[in-house]
Amino acid sequence: MIYVESEHSAMAAAIGASVTGVRTFTATCSQGLMLMSEVCFIAAGMRLPIVMAVANRAISAPINIWNDQSDSLAQRDSGWIQLYAESAQEAHDTIIQAYKIAEKVFLPVMVCVDGFTLSHVWENADLLDQKDVDNFLPKFKPMFTLDPEKPVTMGPIAFPNTYMEFKQQQEEAMKTALKEIVKTSKEFKSKFKRNYGNGLVETYNLKGAKTAYVCMGSVCTTVRGAVDDLNREGKKVGLIKIKSFRPFPKEDLVSVCKNLKNVIVLDKAVSPGNEGVICTELKAALQNQKTNIKGVIVGLGGRDVTKYSILKAFKNRDKKGVDWL
Amino acid sequence: MSDLNPGAVITEPGSTKKYKTGDWRTFKPNWDSSKCTQCMICWQFCPDMAIPQKDGKRQDTNFDYCKGCGICSQVCPVKCIKMEKEEK
């Protein structure tokens, strides 16, 4: 363990550790992630399989320490894989899978857990045995390491004649990650009997549904309750939980949204001047479909997302414009 | 693309030597060896390795790597290095 003076240095130290060929982990959130941002892009560009937990919290100003997903979603284009967990159990299971995915495609992974809702609560979780995890996770084999016996240059300049190729390689790795996430989820399920959809997208009561909520993280649990209520009233409603935000599982989302008339996107982050972050992404993915996509901003700065507000979003699903609930 | 190592890792040591940065130069240091006292302050301050020395004696500027930053001229206590606009 290395102590450093800031998050910017924390990621720099994580890079330094990772290039020596060891498994590297760090954690951050909110303003810390903002300060770390510059170095996050470098970790991804250097193709280092660092795993980082992000306890999602709001961004200043005004100062606010509570939950939303503005911090990690502002890192959308940093080149990190982003996986979101709904529960403490899922967070634990995702961290272990994250290493396997990261070390396959050589991209860093953020495991995002809602601040407070998941980071500061008591929740029962089944912690896997070290022996079983070691069995699941093979020994880390880095592509290159810093070794005085075998000198290499890491993080050099790339001129206009090669920079684009390196960025293209990162994009190809993201595409491979889509497959590796699914593969890893399957392996995890067969070994530990737990899965979260296919690792990219999870659905709940979607069979026969005409409307679905789309969201990420802990809010999905509240939505499950609202879906149950609506189902009891005979309403054909389900839930689509996005687990992998980067890479964005376009094909899976097209497939699960195929028969839906309405989609209600619950966004815990807004892109000022446009709309909710997931909403924009989903609209792009479903551009060739007739599904009506309704954007709803919820839970910014730790505002409680209640079943009431989720049910209200259902009532307003045909109304134009973005709702703030 | 396939011959480029992921993460831009270069496995050949000392490859920066091949990249001659001297053509970035706008101003060129003109060193007057007759006034030079061999104090080696310029050698210490050169941010590249464009001022070579051999047996304690300053050698001619290495113009393959001198970017013309002018630091040597600034630090020279006897003002024997003058920056002159380079015509190309």
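1. Gly273 of chain A sits in the loop that runs between strand S9 and helix H9 of chain A. This is a predicted model. Gly273(A) counts as exposed because 5 C-beta neighbours lie inside 10 Å, and the cut-off for exposed is 12 or fewer. Pro142(A) is 131 residues away from Gly273(A) along the chain, and the C-alpha atoms of the two are separated by 42 Å.

2. Helix H9 of chain A covers residues 277-285, and its buried residues include Val277(A), Ile278(A) and Cys279(A). Glu281(A) and Leu282(A) in H9(A) are buried as well.

3. The domain assignment divides chain A into domain 1, residues 7-192, and domain 2, residues 201-324. Taken over C-alpha atoms, the centres of domain 1 and domain 2 of chain A are 26 Å apart. The two domains touch: 28 residues of domain 1 of chain A are in contact with 20 residues of domain 2 of chain A. On the domain 1 side, the elements giving two or more residues are helix H3 (70-73), strand S3 (81-84), strand S4 (109-114) and helix H6 (163-192) of chain A. H6(A) supplies the largest share of that side, with five residues. Sorted by class, the side of domain 1 of chain A that touches domain 2 of chain A holds 15 nonpolar, eight polar and five charged residues.

4. Lys193(A) is found in the loop between H6 and strand S5 (201-204) of chain A. Its phi is positive, about 60°, although Lys193(A) is not a glycine. Most residues other than glycine have a negative phi. Is Lys193(A) buried or exposed? Lys193(A) is exposed, because 7 other C-beta atoms lie within 10 Å and the limit for exposed is 12 or fewer.

5. Met40(B) is not a glycine, and its phi is positive, near 70°. The residue lies in the loop between strand S1 (27-31) and helix H1 (41-45) of chain B. Met40(B) has 14 C-beta neighbours inside 10 Å and counts as partly exposed.

6. The bond from Ser60(A) to Ala61(A) is cis, with omega near -5°. The bond joining Ala61(A) and Pro62(A) is also cis, with omega about -5°. Ala61(A) lies in the loop between strand S2 (51-56) and H3 of chain A, and Pro62(A) is placed in the loop between S2 and H3 of chain A. Most peptide bonds are trans.

7. Two packed helices are described by the angle between their axes and the distance between the axes. Helix H1 (residues 7-19) and helix H2 (residues 30-45) of chain A pack at an angle of about 30°, and their axes are 7 Å apart. H1(A) and H2(A) are therefore roughly parallel, since the angle is under 35 degrees. Their crossing is right-handed. The residues of H1(A) in this contact include Glu7(A), Met11(A) and Ile15(A), and those of H2(A) include Leu33(A), Met36(A) and Val39(A). By class, the contact of H1(A) with H2(A) has twelve nonpolar, two polar and two charged residues.

8. H7(A) passes H10(A) in a right-handed crossing. Thr222(A), Val223(A), Gly225(A), Ala226(A), Asp229(A) and Leu230(A) of H7(A) meet Lys307(A), Ile310(A), Leu311(A) and Phe314(A) of H10(A). The contact of H7(A) with H10(A) has six nonpolar, two polar and two charged residues.

9. The last point is the contact between the chains. How many residues does each chain bring to the contact? Chain B gives ten residues and chain A gives 17 residues. On the side of chain B that touches chain A, seven residues are nonpolar, three are polar and none is charged.

How values were computed: Residues numbered from 1 in each chain as written. Chains lettered and ligands numbered in written order. Predicted model: local features only at pLDDT ≥ 70, side-chain atom pairs only at ≥ 80, totals over all residues. Domains from an automatic or database assignment. Contact = placed C-beta atoms within 7 Å. Helix = DSSP H or I, 4+ residues; strand = E, 2+ residues; numbered from the N terminus. Nonpolar A, V, L, I, M, F, W, Y, C, P; charged D, E, K, R; others polar. Axes fitted to C-alpha atoms, helices over the stretch in contact; angles between N-to-C directions. Parallel < 35°, antiparallel > 145°, perpendicular 65-115°, else oblique. Left-handed = near helix turned anticlockwise from the far one by under 90°. Buried ≥ 20, exposed ≤ 12 C-beta atoms within 10 Å, placed from the backbone.
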